[in-house]
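Please keep the sequence and the model in view while reading.

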Amino acid sequence: MSMPDSSVTLDTLHRMAREGGDRFAGLTAYDATFTRVLDACGVEFILVGDSLGMVIQGHPNTQPVTMDDMVYHTQCVARSIQRALLISDLPYMSCCDVPMAQANAMRLVQEGGAQVVKLEASQDQVEIVRALSDQGTPVCAHLGLRLQSLTKLTGIRRHGRTSEEADELQETALALEQAGADLLLVECVVDNLAAEITEQAGIPVIGIGSGAACDGQILVLYDLLGLTDPAPKHARSFMNSGRGVADAVRAYVEAVHSGSFP
């Protein structure tokens, strides 16, 4: 597998979003081997997600994932990544206040090798995003479905169906951008609202289960490979498009770039 020459940076994603041509594609990875495959197949970014709690560790949700877990898996990915931008999750209860968030973000960057940290965000996290930005840490703010905050009462659902919830999500997206977020990620947000947020934002918007209008897309690698049972409604297995993992990843990247996925 040949490796593209140039490295992807935040500026790369911002330029792609401004130009409005090809969408950019991301996938999760948690180890060195899959990272090499994804990197060589042309993904623009790799996310070390706290989804590892479910797909790697076997937990029913992401809440048991620790900072040590995230640092370890980020290190595994960082050792093999050569081209793609590396984003890593701040896990459950790791950014409850500004000092905690700053310390844990620095662990992901300094110990783990992350280039961007991602946190599940609401209005309550605006000042945390501002503090991280002020200390020079690039931030991706995650809106909509937030698995760390999921309860039996809320459940997995599409966000932004009511006018009140849509207004709140738009206001939060704007506040997070103004606080210094470099990227937004919208998960399971209704398509028309995700499109509005993308159009209004001055920073790139990544979608998952939020329609085709976002600047980029992200999938959990195991969903792409058809290994998740039951598979999320927004996921698509790309394994039938080729003879192996690399072919499936290339098919996904091409589908995102062309706009045929989602």
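In this predicted model, strand 3 and strand 4 (residues 116-120) run parallel and are joined by 3 bridges. Within this pairing, Ile87 has Val116 of strand 4 as its bridge partner. Helix 5 (residues 98-112) belongs with these two strands, and together they make a right-handed β-α-β unit. Strand 3 is also joined to strand 2 (residues 45-48), again in parallel, by 4 bridges. Here Val48 stands opposite Ser88 of strand 3.

Strand 3 itself, residues 85-89, is mostly covered, with 5 of its 5 residues buried. Leu85, Ile87 and Asp89 lie on one side, Leu86 and Ser88 on the other, and both faces are covered.

The discussion now turns to charged side chains. Such side chains, when opposite in charge, can pair when their charged atoms come close. The structure holds 6 salt bridges. One of them joins Arg83 and Glu44, with an N to O distance of 3.9 Å. Arg83 lies in the loop between helix 4 (67-78) and strand 3, and Glu44 in the loop between helix 2 (32-40) and strand 2, so this pair ties together parts 39 residues apart in sequence. Both Arg83 and Glu44 are buried.

Another salt bridge links Arg107 to Asp68, their closest N and O atoms being 3.0 Å apart. Because Arg107 lies in helix 5 and Asp68 in helix 4, this contact ties together parts that are 39 residues apart in sequence. Arg107 also meets Glu111 in a salt bridge of 2.9 Å, N to O. Glu111 and Arg107 both lie in helix 5, 4 residues apart, about one turn of the helix. Arg107 counts as partly exposed, at 23% relative accessibility, and Glu111 is partly exposed at 40%.

Conventions:
Residues numbered from 1 in each chain as written. Predicted model: local features only at pLDDT ≥ 70, side-chain atom pairs only at ≥ 80, totals over all residues. Heavy atoms only, no water. Buried < 20%, exposed > 50% of the residue type's maximum accessible area, 1.4 Å probe, protein only. Pairing = 2+ DSSP bridges. Right-handed = clockwise from strand over helix to strand, strands pointing away. Salt bridge = Lys/Arg side-chain N within 4 Å of Asp/Glu carboxyl O.
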